Amino acid sequence: MAAVQGGLVDAVEEKTIKSEPVADATANNSANDARAPSSSPGSGVSPGVNKPAAGAAEDQQTLLAVLQFLRKNNLSESVEILRREAGLPEDSLDQKGGDSTGTGLGGPEADGRTDAGSLLSRVTVSSSAPSKAVAEDQPDVNVVLSAYSQQGDPALYEVYYSGLKKFIETVLDCHRAELSQVFYPLFVHMYLELVYNNHENKAKAFFEKFSGDQECYYQDDLRVLCSLTKKEHMRGNETLLDFRTSKFVLRISRDSYQLLKRHLQERQNNQIWNIIQEHLYIDIFDGMPRSKGQIDAMSGSLAGEAKREANKAKVYYGLLKEPEIELPLDDEDEEAENEEGKPKKKKPKKDNMGSKSKKQDPNAPSQTRIPLPELKDSDKLDKIMNMKEATKRIRLGPDNLPSICFYSFLNAYQGLTAVDLTDDSSLIAGGFADSTVRVWSVTPKKLRKVKSAADLNMIDKESDDVLERIMDEKTASESKILYGHSGPVYGISFSPDRNYLLSSSEDGTIRLWSLQTFTCLVGYKGHNYPVWDTQFSPHGYYFVSGGHDRVARLWATDHYQPLRMFSGHLADITCTRFHPNSNYVVTGSSDRTIRLWDVLNGNCVRIFTGHKGPIHALAFSPNGKFLASGATDGRVLLWDIGHGLMVGELKGHTDTIYSLRFSRDSEILASGSMDNTVRLWDATKAFDLETDDFTAATGHIHLQDNSQELLLGSYMTKSTPVIHLHFTRRNLLLAAGGYNP
Amino acid sequence: MADREERRFAEVSRESIKLMAESAGVELGDDVAGLLAEDVCYRLREATQSSSQFMRHAKRRKLTVEDFNRALRWSNVEAICGYGAQDALPFRSVKDGELYFVEDREINLVELALATNIPKGCAETMVRVNVSYLDGKGNLEPQGTVPSAVQSLSDDLLKYYQQITRAILGEDPHLMKVALLDLQSNSKIAALLPYFVYVISGVKSVSHDLEQLNRLLHMVKSLVQNPYLYLGSYVRSLVSSVMYCILEPLAASINPLNDHWTLRDYAALLLSHIFWTHGDLVSGLYHQILLSLQKVLSDPVRPLCSHYGAVVGLHALGWKAVERVLFPHLPAYWANLQAVLDDYSVSNAQVKADGHKVYGAILVAVERLLKMKALSLSQPVEGGSSAQVGSTMGSTGYRVSSPGLSPPPEPLTEAALGIASHLQAGGSGCPWEEWTPVPLPAMYSELYSFFGDSLAVRFSTGPGKGNYAPCNPSQVSNSRKEPSGATSNPDTTRKMPQLTANLNISPRQDGSPRMDPHPPSLAATGSGRSVARASSVQRSRSSSSRSGQRSTGLSRDVFPKARFTPPQTGPPVFSFLIGGRQMGRRCQGRRPFQTTFAPSASLPIPPRAYTHKLPVIGRVGKPVRRWTCSHYSLHLPL
């Protein structure tokens, strides 16, 4: 791992800048976000400055906003540096300071910035509304809200709304479904306008009258909305800010849109028209209007659907070429086979594998797109083990379902909150609500600590079994407890080489533990709010985390500050996962969207909408092509990453899905849920579809309801919620959960 | 969405705000209070919504106080203390006025401070794996059940277990006492319960060793009394062990020198204790116990000591049990017992002695049955007329009714209720399902036919309660009124004066040694011989009465007259009332039964009745020492 550090960060930095011109305007903004934090005080470089910012007035304004923010927080040195490097005249700030506002770019990890900083980071620039998003500092919330001040007669709101309702009800069927999408955002904005202008009773009546018309999957948001009846409450209400900062995205066919436009103009219904203009983003497409089913499948997120262009960027979802490891594999395999008495049978197979891995997948990123740590000898050994195990792997299928072993956490009265298993299934770790992390060995091999420094000096370093000698036999035990957090541990992840363990906690930190000494090595601070999830990259070294502050961060184990910050989610990030090729991370959020981020440049390259509740489980298929997501709505959705499309919906669970896992060869998808069941789905069949060009181009999907066909089995646990699933290298399914009667 | 109206959020009214402000010494205007109330509501909802996120991430279904406090903390609000208790907070209503409140009890802060969410005595957190589904199909274990290894023993617990069992079954009595005491109060031994229960089930293997049996029974008692233990279904196992001690012809009882009677008495006490305190844990337990007791009683092949156990067990379970099981069986059983008692052969001496024990036990049981029945009949009338009288009644009836053999307090009403509910819960088709209660007079007359006047003593003393003079007349009249109907009413009223008259004559007239109401050691030394002799007389007497009964006999005809017509049989009845009163003055608790013989013996009643009473304690040709011992066994308190 040590080999990578140093050069890595800079390399990434350079790439970021190069890739910039390619990215579109939206991505541009995200790139800014991502880069700003990496300009850590330590590195001494301010990358944002290298950019030819002069071109866009918007960027200039942004820069000024940053300056103003820094000044406000008495960071005069930083102001000076930034100003000098940006080539701004000294007085520019003073001139413009009045109207400009803070931005979301403030690096929250800088010391001394507590509340304002983290709030800023939470309400960062949203990709969908770049210009608006600049205005999110707490004291300036009035600026945002002031958009509501222009108003008509409050009494007429109901008339307007019901007039539109009547109109939409009378249009042709094919348009009605599409136009109905307008109801919800319109309803919310009108309600907020009423509240903002102190028409409390009118607002209540309005809510009373029309909240019943909204789609059921907006229930949660409506509940929040309904409790908000005063202008004062709007300040600091996150949900409201989300609504304000992002335009609600609708996809409507041109015909339907024309219809709506004509109607509103005929009626001189400026009130509604203004709202549509200001707060809605209508993504107009040519062609047939979509059906109700199609719309329902995609809607449900906090800020509407994803824009089509948001999912257009190219994603290199292919796998990286496996490093070639040769000699030992041959020898040992041969031996093993000779022992078993069936020689040579494996030879051709291995050749196949070799040739496959040699061929470069056209969809794979280049091997060096992201600097990855070099393989150590122990990693190679592990790879060999993995491949040997793989040859003994069971081929699963609808007729050949995996056996399931259940790891029950007994007497876990303190509350089990997270579980992880190592890839080779030798260790299991649990995060608990009492702030502890416990690690168990599930093999007969006990957990041992390395000897103390004094004792290490005594041992013979030349001996062959030095690795064995450094272990302290006295400390051998089946389990070890790691103390250090000061809040429930919500996320936990083993490093691929089994030397480290990551845990993220409510106390706002992520901790890196050594599994050699069973001590804490690093506490990564930066989130400042509960960190809901963290995960190691499949290649080690990097890890991603996400939490209540709505920003996902990419870290490297040897940097105490994040390398990237992925901002764009409108609510808590509830789960984070690395793509198998380590070039992408995916995050699920309470805003009911899933975003895929490019590690290289920090861009958001995919936004998936369709879930109707917070997303709590994500899993990439081992070939990297697909993504499965599970949410509190009890549904599993399947996504084609390359095309950016939803390709399947698996209904069956009755409660939140907390874990998803593909079998080693992607044939089976296992899902574990709060409803105490493990369900197995036929992944091969689910992904066996051809995406035609039309669907790919328009993003209109036709999902067939075939959950029942795809469901291969539903397995009850012993009244234990399933919070982790894992396929061993031989495709045995391991499930884990805390038994709490 | 139509139900939105009903699902309105909880609201804090402005009145509440005002009240709270007042309690803090601030006066608020209506406007301010209204605004504050609305803001509080809003903040509450906000906090609730964000707290649900903590719940979801903790992968729980239940929102806890902890979650809410976390939400508060993250919004820079002070957390609320004092609601972390595990017990559910009862939500009460005040009867007058529509006021609901959460009961706010005094809380011991020290306890609270040391409280953790982790129950005491729980085992360490651990991971266990089991193959749930093989090839996605076969389940190796039935699903939906609890893993068997939920509890596993830590080293400390194991050590504790070894020490305790060693101490209890070991030689040192002091050590045993300490161990038993600890077993009674230790709160951390829940995990060991199955092991202890297993040890106790070892009674079957030590049936030759009275001492060990006794120790095991003490262990049962300690476990039962431990307030921290939830016995659950282990009650069944404990009960079966105890039942074994009560009913089985233990190897130890072959040797007449062994006092297995005490053991049986103690076990019976224990049984009733378990039943009254833990009977609700196992449905139908009462039923099963009664069934097995009945089975033993109706099995003539069983040795007398088993029968004795059954009788003592029934007695310990309360008079209802006696009424239901023992009483209906009495006629059939009597013949067998009589046969034993009538056999004077030397070889039969031992068996006969046992027979006397059984006879005594039955007598004690039916005595109480009669008394309690009479009391229970009088109870409702009393309760209705005056609460005060009722309460004194309850307490007195209580004291009289618990002659040391039934340890758990069982006020009449409660006992009746409990038993009734158990009987309802029990399965149908049980032998006593078609059982109908025998009216008191009938019952008395039948019992009288067996026991003769020895019975009358108890019946009279029971409801009489001479020591509570003020309320006595009404009670007696009431209790008599119920069974005997309208005709008896004049009788009883006429009897009352006689009662006082007789009082003067009673004990002083006779200078017999048995007048002394002291423990039987005295009585035994004085009258061992005579009692023995008298018992034989009595037996023949009762056998004759029994045969008389069968052939619509003499005693049966005579009896009603004796009981209900004052001129003929008035004297004996009332004279015994006096006896009861006397003992009430002198002593309490279990003594009455020991002492009742003395006054009754001293009474000027026909010799026939006199002889009847004697054999209660009688055991022929036994060494004095053991005789007292066995006598004690009936009354040994625990």
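B:Lys59 is buried in this predicted model, with a relative accessible area of 16%, which falls below the 20% cut-off for that label. The residue sits in the loop between α2 (30–57) and α3 (65–74) of chain B. Its backbone is worth a look too: phi of B:Lys59 is near 55°, a positive value in a residue other than glycine. Most residues other than glycine have a negative phi.

A:Asp655 is partly exposed, with a relative accessible area of 22%.

The loop between β26 and β27 of chain A holds A:Arg664, the partner of A:Asp423 in the loop between β4 (416–421) and β5 (427–432), so this pair ties together parts that are 241 residues apart in sequence. A:Asp423 is partly exposed at 30% relative accessible area.

A:Asp424, in that β4–β5 loop as well, pairs with A:Arg498 in the loop between β10 (489–494) and β11 (500–505), 74 residues away. A:Arg498 is partly exposed, at 24% relative accessibility, and A:Asp424 is partly exposed at 24% too. Salt bridges with shared partners join A:Asp382, A:Asp423, A:Asp424, A:Arg498, A:Arg664 and A:Arg729 into one network.

Here are some of the pairs side by side.

| Salt bridge | N to O distance |
|---|---|
| A:Asp423 and A:Arg664 | 3.0 Å |
| A:Arg498 and A:Asp424 | 3.1 Å |
| A:Glu478 and B:Arg128 | 3.9 Å |

The structure holds 45 salt bridges over all chains, and 5 are found across the interface of chain A and chain B. As for the rest of that interface, 65 residues of chain A are in contact with 52 residues of chain B. Together the two chains bury about 5,300 Å², with 53% of that on carbon and sulfur atoms. A:Leu410, A:Asn411 and A:Lys718 supply 14% of the area that chain A buries against chain B, more than any other three residues.

Now for chain A as a whole. Its secondary structure comes to 26 helices and 31 strands, and 59% of its 741 residues count as buried. Among contacts between residues at least 6 apart in sequence, 62% join residues at least 24 apart.

Helix α10 (residues 173–180) and helix α16 (residues 254–266) pack at an angle of about 75°, with axes 9 Å apart, so the two are roughly perpendicular to each other. A:His175, A:Glu178 and A:Leu179 make the contact from α10, meeting A:Asp255, A:Ser256, A:Leu259 and A:Leu260 of α16. These contact residues divide into 3 nonpolar, 2 polar and 2 charged.

Back in chain B, B:Trp319 is part of helix α13 (residues 319–342). This tryptophan is buried, at 4% relative accessibility. B:Glu367 is 48 residues away along the chain, and the C-alpha atoms of B:Trp319 and B:Glu367 are separated by 9.3 Å.

Note on methods
Residues are numbered from 1 along each chain as its sequence is written. Chains are lettered from A and ligands numbered from 1 in the order in which they are written. This is a predicted model: local features need pLDDT of at least 70, side-chain atom pairs count only at pLDDT 80 or more; totals for chains, interfaces and linings use all residues. Side-chain values use heavy atoms; hydrogens and water are left out. Axes are lines fitted to C-alpha atoms, for helices over the stretch in contact, and angles run from 0 to 180 degrees between N-to-C directions. Helices (H or I, at least four residues) and strands (E, at least two) are DSSP runs, numbered from the N terminus. Angles under 35 degrees count as roughly parallel, over 145 as roughly antiparallel, 65 to 115 as roughly perpendicular and the rest as oblique. Contact means heavy atoms within 4.5 Å. Ala, Val, Leu, Ile, Met, Phe, Trp, Tyr, Cys and Pro count as nonpolar, Asp, Glu, Lys and Arg as charged, and the others, Gly among them, as polar. Buried means under 20% relative accessible area, exposed over 50%, partly exposed in between (1.4 Å probe, protein chains only). Buried area is the accessible area (1.4 Å probe) that two parts lose on being put together, summed over both. A salt bridge is a side-chain nitrogen of Lys or Arg within 4 Å of a carboxyl oxygen of Asp or Glu.
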